[in-house]
Amino acid sequence: MKLNFNLKYALLLLFVAMGTFAMAQRTVTGTVTDAETKEPLIGASVAVVGTGTGAITDFDGKYSVEVPEGATQIQITYTGYSTMIQDIGASNVMDVELSAGTLLDEIVVTGYGTQKEKEITSSVVEVSAKDFNQGVIADPAQLLQGKVAGLQVYNRGGDPNQQAVIRLRGLSTVGANVQPLVVIDGVIGASLQNVDPNDIESISVLKDGSAAAIYGSRGSSGVIIVTTKKGTASQDVKWSYNAQFSTESAVNATQRLSPTEFVAAGGTDLGSQTDWIDEVTENPFSHNHGLSASGGIGSNSSFRISANIREKNGILINTGYDQFNTRLNFSSRAFNDKLKIDFNTSYTHRDQENGYTEALRYAVLYNPTAPVLGVNSPFPFNSDQFGGYFETLGLFDSFNPVSIAEQNRNLTERREFNYNVNLAYDLMPSLTVNFRVAQQRTDINNNQYAPTTANFRGNATSPTRKGLAEFYESDFTFNLYEGFATYLTSFGQSDLRVTAGYSYQEDDFFDKFFSIGDFPNNDLDFSKLIEASQDLNNAGFIGAGSNASPTNKIIAFFGRANFTFDNAIFVNASLRREGSTKLGVDNKWGLFPAFGVGVDLNRYLDIGGVDLFKVRLGYGVTGALPGQSGLAQEVRNIVNDGATGAVSTELARAANPDLQWEEKAEINLGVEITAGKLSATLDLYNRDISDFILERTVDVAVFGVDRRFENAGKLNTQGLELALNYDVVRNSNVNYNTGIVLSTYKTVLEEYVLDAETRANLGSPGQNGTNMLLVKVGEEIGNIWGPVFTGVEEGNPVFADVNGDGQLITAQDRALDPDVDFEVLGNGLPDLELGWTNQVTIGDWSINAFFRGAFGHSLVNTFRAFYEPRLSTQSSYNFVNTDKAVDGLTTARFSSLYVEKADFFKLDNLTISRRIALENSAFTGMNVSLIFQNPFVITNYTGIDPEPNLVDQGSDVLSPGIERRNNYFSSRSFILGVNLNF
C-alpha cells in the first residue's frame, strides 16, 4: 500500500524531540549475569527496596540506578531465576549473579491480582516477551501460536487483514462468543487490535474454569491477560528502536492444468498463455518501525511511551494495511507511597485494502488460454466496456481475476482509542483498595466500489444499471467501572489473601449501511459523487439499513480467597454473582463459583533433585453471553402498505423472559514437576457446556410466531495437555533449551435441538443440495459425512454399499435415513497438536527454531470437488490437477474422494540473531536478526493450507474441516530485524 504517512512521521519526530530529566543523590551501576554461564541477563529488573526507584538491564546486562538517601538494599529479579536482595555498600559498583533453575517464586498475573506460580491451583500459563513468536506479526494472538498447550491460534492462509481464530480447549459454546476474553492491563473486554506486539511485556492464559470463574459470564471461552511494558522510576530515559523489513511469496497455490495441458484435455483454446495466479499475486515488501522511551520522572514516577508504524502488503495485489499505534503508560506514587496511580492510553489508526479473495478463486479456475486484456482477444471484443480487460461472457461464475483485483475496491478504516485509570491506595500495610475506570471506542468505516466497467459486482454487461457503491459505518463504545479491595494476613505457618469487589460494564453499538448504483460512466470515482446515481430516480434500488443496540449492562459482585499453609498446601476459592441485560427478565442473574486445591508433595516426600512436585485440582463454573443484543425480547417487523401508505408492525420473533446464561462446568487435574533442568506440567480436564442460546422453531399457537431464542443443548469435552521444558546444555559457552507442548481433546454433542442434522452446504455449481457435516447427538463434533468412493463407471463415481444390505442409497435428501450408505469420512478437528521450541545461544549468537504440527484432522478440498472431474460442460474453466485425480471421472459429486487427511509438521519460525556491543557510541547495544517464517511444511494435503479450519463461512462453529474456494493463499516470509537501544 502507498498511503500518506507524513502525519505519522511528524508525530514520530515530535515524540523523538521530547526531553526528560531526573534527579538523584547517588548512582549505583553494575552488571547482572547468569551465575553458571556468566552470560549477561538482558531486561533484568533492579529495584531499590522501599522506594519506587529502579532500572532495567541493557543488552550487556548493565544497569544504572539512582539510590535515594537512606535506601539500604536493591532487589534483582528476572524471569526463570531466583530473586536476590543485596545490601548496598560503600561502593558505587555492584555486580550481581543470579541462579537459574526455579520458577517457583515467579509472579504470574491472574484475575484481579497476581500470585506466585507455586501457589496457583488452576491451569494458568504465562508467556513472556522473550518467548514470543518472532517475525511480522499482524495479530497479537500470533505471538502465542503453538506456545501454550490447549490454545489454538490459526490464521489460515496469508491474508494480512484476517484476524486469527482463537480457541482454548476446543469448542466452548455454540450460541455465544467462542473467542477467549481479552484483558489488557486489567481492562476486561479490551481489543487485541489496539495493542502493538512491540508493547507487550507478557501474556497470561487462564485455561480452566477455576481460573476464569472470577470473570463470570465472560470466562467460558478462557481468558487471555495482556500486560504491557512500563517504565521504572528514577531510571534514566532509555530509548529503543525496532525495525523489520520483509518480503514474502505465495506457497501451496492450488494445482491446476497449464495452458498446454488444458487444451490437450479438451479445453476451449483462446490463444493466450496466462498464469492467472502469477498475474494476481506478487512478492510484496513490508516494513514496520517502533520507537519507545521509558524511564523515571524523579523518584516516584515512571513512564513509557511508544509509537509504532506498520505497512504490511499481501501477496494478492492491492491488499494490505497501513497502521499507526501509539501508547502511553504512566505510573506515580503519592502520599508517602501509599497511593499508586496508573494511567494507560492507546490509539490505533488502521487503513486496510481488503481486496476480494474471489480474485484468487478465479485465478485457479479461469481459462488459462484467455488473455488478460481485451485487445488480445482472438475475436472482436469491446474491451472498453470492461475497463480494457477481457471477459469470458455468457458463462456462469466466470470473472477475469486481474480485473477484480485492479478495478474493484474494498477499503476499511479502523480507529480505536482507549484509556484506563487505576488508583491503588494502601489503607494499611495489609489492606489495599483499587478503583479502575476505563473506556474503549472503536469506529469502523468500510467502502466498497465497483465501477461501471467491472464485470464482478459492477454489472458491466447490463444495458442499463451499472456500477455499485456500498458504505458501512459502525461505532462501538465500552465503559468499565470497578472497585475492589485486597487484604493480606499471616498467622503461624499460614498466609491468607482475600479480594472482594464490584464491577460495572456497559457497551453501546450502532451501525448503518447504504448502497447505491447505476452510475453514468467510469470517468470519475462515483463513490465520492453518489448524487450522479440514476438509482435516485428509480424506486426500489437504493439499499439502506441501520441497527442500534440497547445499552448492554453487566453488573457483578465478586470475591476470592487464597490460602497457603506451610508453603506447601494451597487453597483458592472464588465466587462471582453477575447480572446482564442481554438475558430474560426472569433470569438475568447467575452465580459462578470456583474452588481449587494444590499440594507440593515434595515438601513432605523430599525427593532428591526435585524442586517441586505439585498436584492440584480445580473446579469452576463460568457463563457465556450471546454476541447479539435483545435476543430475549420480541422482534417486530415494520410493514408498509403501498396502497394506503399505512404503517404497521407484525411479530417476527417471540420474547423469552426465561432466557438464561450458557453455562460451563469444568474440573481440572494438574501435576507440575520441576527438577533441576527439567520442568513438566500435565493437565487432564472434563468440561460440560449446557444451555446453548439458539433460535428454535416453536408453536405458533402458543407464542404467536414460530421463532424464539431458547436454551437447549449440551456438549462434553475431555482433554489432556502436556508441557515439557529441558535445559539440554547450559555452560559458559553454549546454552540449549528445548520445550514441547502437546494437547488433545474430544468434544461430543450430548443434547441438541434435533437428534441429527446435516449442514455446511457445498454450494454451486451443481452441488447446492450437498451438505458435508453431520451433527448428531452422541457423536463427536466435526464429523464429515458422505458416500465412500470406490471407482469409476462410464464417467460416474461408484460408491460403496456401506451397510451391505444390497441397496445403494446415496441421495443427499436421505442423508439421515438409517439405511443410507454414508459414513464418517473424517473429522475436521485434530487429534493431536504440538509446538516444539528450540533455543540455542553461542556467545553473542542465538538461534530459535520453532516447529508446529497438527495430526488426525481432515479437510474437504472443495476446489477438487468442483473442478477435478473432467466435466464436458467445463471446457471453458480450468481443471484442478492433483495426484489424487481419478482418470475417467467426468461427473462432480461429493464423496470420500475429496476428503483428505491434512496432518502437517512445519518449521513455523527460524530466527538467527546476533547481539552487538557498540562501545564508545551513543548506543548501548544492538541486535540484528534474520527471520524465516513458514520456510517448509511437511504434509500430504493437496489444498491451499493444511491447518485446521475451526469455523465454516465465518460463523458456523459446528462445521469445522472445510477449505472453501475463497481461501487466501499461504505465504512464506523472509525478515530482517534490527533493535537499537540508546
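Colleague: Is Asp397 buried or exposed?

Modeller: Buried: this is a predicted model, and in it Asp397 has a relative accessible area of 14%. That falls in the buried class because the cut-off is under 20%.

Colleague: Where does Asp397 lie?

Modeller: In a loop, the one between α5 (358-365) and α6 (401-407).

Colleague: And which side chains make polar contacts with Asp397?

Modeller: Arg361 is one of them, with a polar contact of 2.6 Å between the side chains. Tyr362 is another, where the side-chain contact is 2.5 Å.

Colleague: Which residues does Asp397 touch, leaving out those up to four places away in sequence?

Modeller: Arg361 and Tyr362 again, plus Leu365, Tyr867 and Tyr877.

Colleague: OK, switching to charges. How many salt bridges does a search of the whole structure find?

Modeller: The search gives 46. One of them pairs Glu963 with Arg156, and their closest N and O atoms are 2.9 Å apart.

Colleague: Are Glu963 and Arg156 buried or exposed?

Modeller: Glu963 is buried at 2% relative accessibility. Arg156 is buried too, at 12%.

Colleague: What about Lys230, which residue does its side chain meet in a salt bridge?

Modeller: Asp185, at 3.3 Å from N to O. Lys230 is in the loop between β16 (223-228) and β17 (238-251), and Asp185 is in the loop between β13 (181-184) and β14 (187-188), so here the tied parts are 45 residues apart in sequence. Lys230 is partly exposed at 38% relative accessibility, whereas Asp185 is buried at 13%.

Colleague: Which residue forms a salt bridge with Arg708?

Modeller: Glu710, with the closest N and O atoms 3.0 Å apart. Both ends count as buried: Arg708 has 12% relative accessibility and Glu710 has 14%.

Colleague: Which residues do salt bridges with shared partners join into one network?

Modeller: Arg169, Lys207, Lys664, Glu666, Arg687 and Glu721 are joined that way.

Colleague: Let's go to the surface. Which residues form the nonpolar patch?

Modeller: Leu617, Tyr619, Ile667, Leu669, Leu682, Leu684 and Leu720, with about 530 Å² of accessible area together.

Colleague: Which strands each supply at least two residues of that patch?

Modeller: β30 (612-624), β33 (662-675) and β34 (678-697). Leu684, for example, has its place in β34, and Leu684 is partly exposed at 36% relative accessibility.

Colleague: Now Phe936, where is it found?

Modeller: In strand β48 (residues 925-939). Phe936 is partly exposed, with a relative accessible area of 34%.

Colleague: What does Phe936 touch, again not counting residues up to four places away in sequence?

Modeller: Phe851, Lys906, Leu907 and Arg972.

Colleague: And how many Å separate the C-alpha atoms of Phe936 and Lys130?

Modeller: They are separated by 24 Å, with the two residues 806 apart along the chain.

Notes:
Residues are numbered from 1 along each chain as its sequence is written. This is a predicted model: local features need pLDDT of at least 70, side-chain atom pairs count only at pLDDT 80 or more; totals for chains, interfaces and linings use all residues. Side-chain values use heavy atoms; hydrogens and water are left out. Patches are made of residues with over 30% relative accessible area and no salt bridge: like charges are joined within 9 Å, nonpolar side chains (Val, Leu, Ile, Met, Phe, Trp, Tyr) within 5 Å. Accessible areas come from the Shrake-Rupley method with a 1.4 Å probe; for residues, only the protein chains shown count as cover. A salt bridge is a side-chain nitrogen of Lys or Arg within 4 Å of a carboxyl oxygen of Asp or Glu. Helices (H or I, at least four residues) and strands (E, at least two) are DSSP runs, numbered from the N terminus. Buried means under 20% relative accessible area, exposed over 50%, partly exposed in between (1.4 Å probe, protein chains only). A polar contact is a pair of N or O atoms within 3.5 Å; within protein, one must be able to donate a hydrogen and the other to accept it, and residues adjacent in sequence count only if both atoms are side-chain atoms. Contact means heavy atoms within 4.5 Å.
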